[in-house]
Structures are given as C-alpha cells and as structure tokens.
Amino acid sequence: MKPSISIRRVLFLVGGALVFVAVLIFGGPITNGSQEALRLLVMTISILAGFLIAIITLSGDPQMLYLGSWRIASLHATEIGRALSRYRMLFYIYLLVIVITLLATLTDGHRINCTVVHWIDRCALGLGFTALYFSFGLPGSLIRIQKDRLEEEVKRRKGQS
C-alpha cells in the first residue's frame with residue numbers, strides 16, 4: 001500500500017518555507033548589528049525546545065498506548081513513532097537556529113568587511129521564525145496527548161467495573 005501524502009502537511013511545509021524566504025528577504029533591518037535580536041531569538045528557541053522536550057516525554061511514555069490487543073497497541077506505537085520523528089526534526093531545527101545564531105554572534109566583530117556575516121544573521125532570524133511557525137502545532141499536540149490519556153483512563157475504569 002502506497003502511503004498518501006497529506007495536502008495539509010505539504011501546505012504547512014510550504015508555509016514554513018515561505019516564512020523563511022520572507023524573513024530572509026525582508027529581515028535585514030532587524031538583524032543588522034543587533035545582538036539583542038539574536039539573544040531574543042536564542043531565548044525564544046530555548047523556551048520552545050523545553051516545551052518540545054515535555055511533549056516528547058509525554059508522548060513517548062509506554063503507558064500512552066491504547067488499551068486493547070497487541071495489534072491496537074502496535075498501530076498506536078507506530079503512530080506515536082511518526083509523531084516523535086517529526087518532533088525530533090523540529091528539535092534539530094531549534095539546534096540549528098542556536099548554532100547559526102552562535103556563529104553570527106562570534107563573527108559580529110567582522111561586520112564591516114564581510115557581507116556573509118549579514119546573511120548569517122538573516123539566516124538565523126529566518127530559520128528562527130520558521131521554527132516558531134512550525135511550533136504553533138505544539139500546544140495542540142500537548143492537548144491531544146492529555147485528552148488521549150484521559151480517554152484511556154476512562155476506558156480502563158469502565159473495564160474494571
């Protein structure tokens with residue numbers, strides 16, 4: 001069976017690419033010589049990374065598997081595995097933003113001679129905004145995880161009655 005491509009997911013990825021390109025093109029005035037902008041970017045990404053780690057911890061918990069047969073648990077584990085893979089990619093984007101921002105900060109003294117540094121700043125900001133865009137789904141993921149836990153607990157208690 002050939003896996004189907006979700007149009008919604010493709011549009012979401014295209015939206016992230018558009019955010020990156022827009023900030024890359026128009027973000028120059030924000031980043032030019034602004035160490036404060038880079039500090040704010042790292043702070044925001046660090047907070048998002050902590051939030052993402054909480055979601056990964058909750059969703060990767062084996063107690064999150066649906067009750068029922070091993071087949072149901074296996075299907076649910078596969079679904080959770082796909083979600084964890086997406087979270088891992090988002091975490092790598094966060095790390096990349098921090099690395100590029102670190103590179104931009106370390107090369108700050110060379111701004112006058114090097115236009116490459118200017119583009120490093122823009123890339124850091126563009127990737128940061130893209131990561132922020134991709135993070136908008138995280139609260140919904142956390143809520144879905146908690147709702148699933150509640151529903152499974154209700155099923156478990158019904159089975160005990």
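1. Helix α6 has 23 residues, which at 1.5 Å a residue should span 33 Å; its end C-alpha atoms are 33 Å apart, so the two values agree. The expected span is 1.5 Å times one less than the number of residues in the helix. Helices are DSSP runs of H or I with at least four residues, strands are runs of E with at least two, and both are numbered from the N terminus.

2. This is a predicted model, in which local features need pLDDT of at least 70 and side-chain atom pairs count only at pLDDT 80 or more, while totals for chains, interfaces and linings use all residues. Residues are numbered from 1 along each chain as its sequence is written, and side-chain values use heavy atoms, with hydrogens and water left out.

3. The chain holds six helices and zero strands. Of its 161 residues, 30% are buried (under 20% relative accessible area; exposed is over 50% and partly exposed in between, with a 1.4 Å probe and protein chains only).

4. Which residues of α6 are buried? They are Leu138, Ser141, Ile145, Asp148 and Glu152. Helices α3 and α4 are among the elements that cover them.

5. Leu138 also belongs to the largest nonpolar core, which has 21 residues; Ile45, Leu52, Tyr87, Leu90, Tyr94 and Val97 join Leu138 as those with the most contacts inside this core. At least two residues of this core come from each of α3 (35-59), α4 (70-106), α5 and α6 (138-160). A nonpolar core is a set of buried Ala, Val, Leu, Ile, Met, Phe, Trp, Tyr and Cys residues joined through side-chain atoms within 4.5 Å.

6. Tyr94 is worth a look in the viewer. Apart from neighbours within four places in sequence, Tyr94 has contacts (heavy atoms within 4.5 Å) with Ile45, Leu48, Ala49, Leu52, Ala131, Ser135 and Leu138.

7. Helix α1 (residues 7-26) has 20 residues and reaches 28 Å from first C-alpha to last, close to the expected 28 Å. Gly15, Gly16, Val23 and Leu24 are the buried residues of α1, and they pack against α5 (115-134).

8. Together with Ile5, Val10 and Val14, Leu18 forms a nonpolar surface patch with about 380 Å² of accessible area. Accessible areas come from the Shrake-Rupley method with a 1.4 Å probe; for residues, only the protein chains shown count as cover.

Conventions
Patch = residues over 30% accessible without salt bridge, like charges linked within 9 Å, V, L, I, M, F, W, Y side chains within 5 Å. Salt bridge = Lys/Arg side-chain N within 4 Å of Asp/Glu carboxyl O.
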